[in-house]
Amino acid sequence: MAVLITDISALELWDKGLSSRVRLAGEHELAGLSTSAEERRLIVARSYGVSAPMQLLSLDGFHGKAKEWDCHVWNQPLPPGSVVRATDEIFVATPEFCFMHMAPALGLYDSLKLGMELCGAYSTLVPEGRNPRKRPPLTNTERLCAYLNRVFPTTGESKVQRVAKLLVDGSASPGETASYAQLCLPYRYGWYGFRKPMLNQRISLTAREQRTLGKGYLKADLLWECDNRFVACEYKGVESHSGEFNLQKDSIREVVMGNKKIAVVTITHAMLMEPSQMHAVAELLAKLLGRRLRIPGQRFWETQHAARAELMRGGACSWVR
């Protein structure tokens, strides 16, 4: 029984390290891919390593729901790079296809968060109450945009493509994603429009600095280069930046960055939730980068208020509802 797993179920498999044992599926392998009613009755999601209901894609026109599966129809030719073959009978949608297929229903901010996650080193697709899972990036912005250009070659820029252009590689946590979004999304979305930073950029250290920090390099969460100097925004999450040991480590880290002429601006989770504090961060960052903020007016704040509710839904920056 061959199945084509997609959307959330596919991302569950990619999160668990699927990439090490797959190959792209050819068009001929997908031709005629279908399951009978009897075969569908035998599907148990956990036997495929995913949560129920398992998200399936049908190429033969069938659609429906059951306790163990939810089957969507795809009635167009699948663009190259859409599906991999994990085993003889298990096909899985690529992260690029999942983004293209899921984003329209998610809306701007959830699709942005999904894209940042796929191009980042974490996943919020975890049991409720658990911290995000660390894992290597599933794709990057270059591959994602190239895939979308193949899907929408001549029909003008789609909403999905516009979201993809807002993405940046390398986020390591939901807090970093939220920090980037609040500082760098355009004014028209209610944010501050700073140019895209480098996320988790490695900073080389001298031998002495390596001994002091006990590591070979530093990573700056958000880093901008300006006139041969650097400005960094460091997100300090509750879990990894609390306790005496972590506070001491952060203090040493900030001294080393200061010695390397890197200006550091700190952002906490509480600040992400408070408009006045994030505005103060934006003003300081603008000063360090030699830029003047131009807030359009009251409508800007109204837009930001609505946007923050979507970006930080329930205090969490996750696309998973």
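Tutor: A salt bridge is a side-chain nitrogen of Lys or Arg within 4 Å of a carboxyl oxygen of Asp or Glu. D110, K113, R313 and R321 are linked in a network of such bridges. The model is predicted, so local features need pLDDT of at least 70 and side-chain atom pairs count only at pLDDT 80 or more, while totals for chains, interfaces and linings use all residues. Residues are numbered from 1 along each chain as its sequence is written, and side-chain values use heavy atoms, with hydrogens and water left out.

Student: Why is the contact of D15 and R133 called a salt bridge?

Tutor: Their N to O distance is 3.4 Å. The definition asks for within 4 Å, so the pair qualifies.

Student: What makes this pair a tie between parts of the chain?

Tutor: D15 lies in helix α1 (residues 7-15) and R133 in strand β9 (residues 133-134), so the pair ties together parts 118 residues apart in sequence. Helices (H or I, at least four residues) and strands (E, at least two) are DSSP runs, numbered from the N terminus.

Student: Why is D15 called buried?

Tutor: Buried means under 20% relative accessible area, exposed over 50%, and partly exposed in between (1.4 Å probe, protein chains only). D15 has 8%, so D15 is buried. R133, at 28%, counts as partly exposed.

Student: How do you know that R40 lies over the face of F62?

Tutor: The criterion is NZ of Lys or CZ of Arg within 6 Å of the ring centre and within 35 degrees of the ring normal. R40 is at 3.5 Å from the ring centre of F62. R202 also lies over a face, that of Y217, at 3.9 Å from the ring centre.
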